[in-house]
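Subject: Structure handover

Dear colleague,

Please find the structure below, together with a summary of what was found in it. I would be grateful if you could read the summary with the structure open.

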Amino acid sequence: MDNVNDINFSISKFEKMVKENSVLFFDSLEFENIISYYLDTGKLTLAKKALKLSLSQHPTNTNLSLYEIEICIQEDKLKNALDLVNSILMIEA
């Protein structure tokens with residue numbers, strides 16, 4: 001149950017940040033949970049906002065890059081998705 005409360009807190013904190021047009025720090029796991037929540041609920045615009053901020057705060061996090069690939073696929077940007085996959089493979093190799 002605590003995990004659900006933590007996720008809800010992170011989402012509330014993120015939405016407040018967006019509403020107030022401010023920038024707060026989130027750890028990479030918080031961003032993963034926020035992005036996953038928005039993708040699962042069909043809120044692609046908020047998922048993209050969270051992704052953009054997450055990559056600016058954690059640019060080398062490959063888990064966050066996987067969400068970027070997922071978003072590219074949803075937007076039918078398959079070439080971009082493939083390029084991202086290849087860049088992750090280079091990093092993880």
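This is a predicted model: local features need pLDDT of at least 70, side-chain atom pairs count only at pLDDT 80 or more; totals for chains, interfaces and linings use all residues.

The lining consists of Phe14, Met17, Val18, Asn21, Ser22, Val23, Lys49, Lys52 and Leu53. Helix H1 (2-20) and helix H3 (44-57) are the elements that each give two or more residues to this lining. The space in the largest pocket comes to about 180 Å³.

Helix H2 covers residues 28-40; its 13 residues reach 18 Å from the first C-alpha to the last, close to the 18 Å expected at 1.5 Å a residue. The N-terminal end of H2 is capped by Asp27, with a side-chain oxygen 3.1 Å from the backbone nitrogen of Leu29. Just after H2, Gly42 has a positive phi of about 75 degrees. Buried residues in H2 are Glu30, Phe31, Glu32, Ile34, Ile35, Tyr38 and Leu39.

As for the aromatic residues, there are 4 aromatic pairs. One of them joins Tyr37 and Tyr38 edge-to-face, at 5.3 Å centre to centre and 65 degrees between the planes. Tyr38 counts as buried because its relative accessibility is 0%, whereas Tyr37, at 31%, counts as partly exposed.

Yours sincerely

Technical notes
Residues are numbered from 1 along each chain as its sequence is written. Side-chain values use heavy atoms; hydrogens and water are left out. On a 1 Å grid over the protein atoms alone, a cavity is a set of points where a 1.4 Å probe fits but cannot get out, and a pocket is an open set with protein on both sides within 12 Å along at least five of seven lines; lining residues have an atom within 4 Å of a point. Grid points are joined across faces, edges and corners, and a volume is the space filled by probe spheres set on the points. Helices (H or I, at least four residues) and strands (E, at least two) are DSSP runs, numbered from the N terminus. The expected span of a helix is 1.5 Å times one less than its number of residues. Buried means under 20% relative accessible area, exposed over 50%, partly exposed in between (1.4 Å probe, protein chains only). A polar contact is a pair of N or O atoms within 3.5 Å; within protein, one must be able to donate a hydrogen and the other to accept it, and residues adjacent in sequence count only if both atoms are side-chain atoms. Rings of Phe, Tyr and Trp (its six-membered ring) pair if their centres lie within 6.5 Å; planes under 30 degrees apart count as stacked, over 60 as edge-to-face and the rest as tilted.
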